[in-house]
Amino acid sequence: FPKERKLRIEGCTTKEDLACPTEFNSEGQCCFIIGKDGNATNLTVEHCAGLELFTLNEVGIESVKLSIYNSSIRTTEPFSAMGDLGTLIWHTRNGKAHIVNQLHLGVNKGSLTSNHVTYCTPGWYLLEQIRKKFKCANFYHTIWLT
């Protein structure tokens, strides 16, 4: 985290990046180390395997989700909680932060926090949908022109 505690988002993790994570968790599995600063849970760090789910409903609308599972340690706090809806989840690479996804649901499976799952919309998909409606959208401005 930067010294002044302001993490600048400078890009978005691509579909290809999510398909091939380059970091490893403590068990030697490929993953992303991700973080978020939610209203309910504050700064939380977890690992994400980068697996996406695509579904198509009965009227042909595509939905894309990414799941984040809590580490299997029983004493781990949940990655998300009620009040974190809409929180940006990021990943740092070479000292620069990239959007991974936006949080939309967290669920405990049973009473253990080690079974907690957070569901998110991948950042690449979210930005793609915004750009369909707002063709000139620019998400990484450093200077605003008046």
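Buried means under 20% relative accessible area, exposed means over 50%, and partly exposed is in between (1.4 Å probe, protein chains only). Keep that handy for the exercises below.

This is a predicted model, where local features need pLDDT of at least 70 and side-chain atom pairs count only at pLDDT 80 or more, while totals for chains, interfaces and linings use all residues. Residues are numbered from 1 along each chain as its sequence is written, and side-chain values use heavy atoms, with hydrogens and water left out.

**Exercise 1. Find the salt bridge of Arg93 and say which parts of the chain the pair links.**

Step 1: Recall the rule, a side-chain nitrogen of Lys or Arg within 4 Å of a carboxyl oxygen of Asp or Glu.
Step 2: Look for the partner. Arg93 meets Asp17, with 3.6 Å from N to O.
Step 3: Arg93 is in strand β7 and Asp17 in helix α1 (residues 15-19), so to speak 76 residues apart. Helices (H or I, at least four residues) and strands (E, at least two) are DSSP runs, numbered from the N terminus.
Step 4: Check the surface. Arg93 has a relative accessible area of 30%, so it is partly exposed. Asp17, at 24%, is partly exposed too.

**Exercise 2. Work out how many salt bridges the structure holds, and describe the others.**

Step 1: The count is 3.
Step 2: Glu10 and Lys96 form one of them, at 3.5 Å from N to O. Glu10 lies in strand β1 and Lys96 in strand β8, so this pair ties together parts that are 86 residues apart in sequence.
Step 3: Asp84 and Lys36 form another, at 3.7 Å. Here the loop between β6 and β7 is linked to strand β3, across 48 residues.
Step 4: Are Asp84 and Lys36 buried or exposed? Asp84 has a relative accessible area of 0%, so it is buried. Lys36 is also at 0% and counts as buried.
Step 5: Stay with Lys36 for a moment. Its charged end sits over the ring of Phe79, 5.1 Å from the centre. The rule for that asks for NZ of Lys or CZ of Arg within 6 Å of the ring centre and within 35 degrees of the ring normal.

**Exercise 3. Classify the aromatic pairs.**

Step 1: Use the cut-offs. Rings of Phe, Tyr and Trp (its six-membered ring) pair if their centres lie within 6.5 Å; planes under 30 degrees apart are stacked, over 60 edge-to-face, and the rest tilted.
Step 2: That gives 2 pairs.
Step 3: Trp124 and Tyr125 have ring centres 5.7 Å apart and planes at 80 degrees, so they are edge-to-face. Both residues are buried.
Step 4: Phe139 and Tyr140 have centres 6.3 Å apart and planes at 65 degrees, so this pair is edge-to-face. Phe139 is partly exposed at 29%, and Tyr140 is partly exposed at 23%.

**Exercise 4. Describe the largest nonpolar core.**

Step 1: Such a core is a set of buried Ala, Val, Leu, Ile, Met, Phe, Trp, Tyr and Cys residues joined through side-chain atoms within 4.5 Å.
Step 2: The largest one has 20 residues, and Trp124 is among those with the most contacts inside it.
Step 3: Strand β8 (96-108) and helix α2 (123-133) are among the elements that each supply at least two residues. The largest share, 4 residues, comes from β8.
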